[in-house]
Amino acid sequence: MASGLGAGLGGGLGGALGSAAEAAANSAESAENLIGIDEVQRSLNRSRASVYRYTNTDPRNLNPAFNPRKLNPEYRSDQKEPLMFHPNEVARFARDVLRIKEVTVEVLNSPSTATQQLLGSILEELRAIRGLLSSSGTTSDLDARREQHDQARPAA
């Protein structure tokens, strides 16, 4: 699971690239924490058909409003996307609607994907570049050149 990609990058080029990497990592992390219909079925100990009956879906509306009496899936951008659920929503549904006393929803870490490995290697490379730039003082040279260039240009 991705954890804190982009942490430690701040300001300048590193900050811009770091925030993009962090946003990608956060979306990957939030997608990893979601569980599919099979996991919901196992955790609620119900049949697949009953889980679909419990789910807040509407053929005319891709993302219906929150319904406290139903199991609400996460946002989908396409009708063909599989239904995914946040573990807290499954626990809420089991506790509040099904009246299951002890609710434990366990989310196991999935194996690292190629995308996560690539993002990790990009992050390490950016950190190395950032370290070299900050240790050599090149950023102050670049800032001085940028200011000099801005002053040399005539105002429009």
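Buried residues account for 24% of the 156 residues in the chain, which is seen here as a predicted model. The secondary structure consists of six helices and zero strands, so that reading along the sequence gives the pattern α-α-α-α-α-α. The chain exposes about 10,700 Å², of which carbon and sulfur atoms supply 53%. Among the contacts between residues at least 6 apart in sequence, 49% join residues at least 24 apart.

A search of the whole structure finds one aromatic pair. The ring centres of Tyr54 and Phe93 are 5.2 Å apart and their planes stand at 50°, so the pair is tilted. Because Tyr54 belongs to helix 3 (residues 48-54) and Phe93 to helix 4 (residues 87-96), the pair ties together parts that are 39 residues apart in sequence. The two partners are listed below with their accessibility.

| Residue | Relative accessible area | Class |
|---|---|---|
| Tyr54 | 21% | partly exposed |
| Phe93 | 0% | buried |

Phe93 also takes part in the largest nonpolar core, which has 13 residues, and Val40, Leu44, Leu71, Phe85, Val90 and Phe93 are those that touch the most other members. Helix 2 (37-44) and helix 4 each supply at least two residues of this core. In soluble globular proteins, nonpolar side chains tend to be buried together.

Which residues does Phe93 contact, leaving aside its neighbours within four places in sequence? Phe93 is in contact with Leu44, Tyr54, Arg69, Lys70, Leu71 and Leu98 once those neighbours are set aside.

Terms used. Residues numbered from 1 in each chain as written. Predicted model: local features only at pLDDT ≥ 70, side-chain atom pairs only at ≥ 80, totals over all residues. Heavy atoms only, no water. Phe/Tyr/Trp six-rings, centres within 6.5 Å; stacked < 30°, edge-to-face > 60°. Helix = DSSP H or I, 4+ residues; strand = E, 2+ residues; numbered from the N terminus. Buried < 20%, exposed > 50% of the residue type's maximum accessible area, 1.4 Å probe, protein only. Core = buried A, V, L, I, M, F, W, Y, C linked by side-chain atoms within 4.5 Å. Contact = heavy atoms within 4.5 Å. Areas by Shrake-Rupley, 256 points an atom, 1.4 Å probe, with all protein chains shown as cover.
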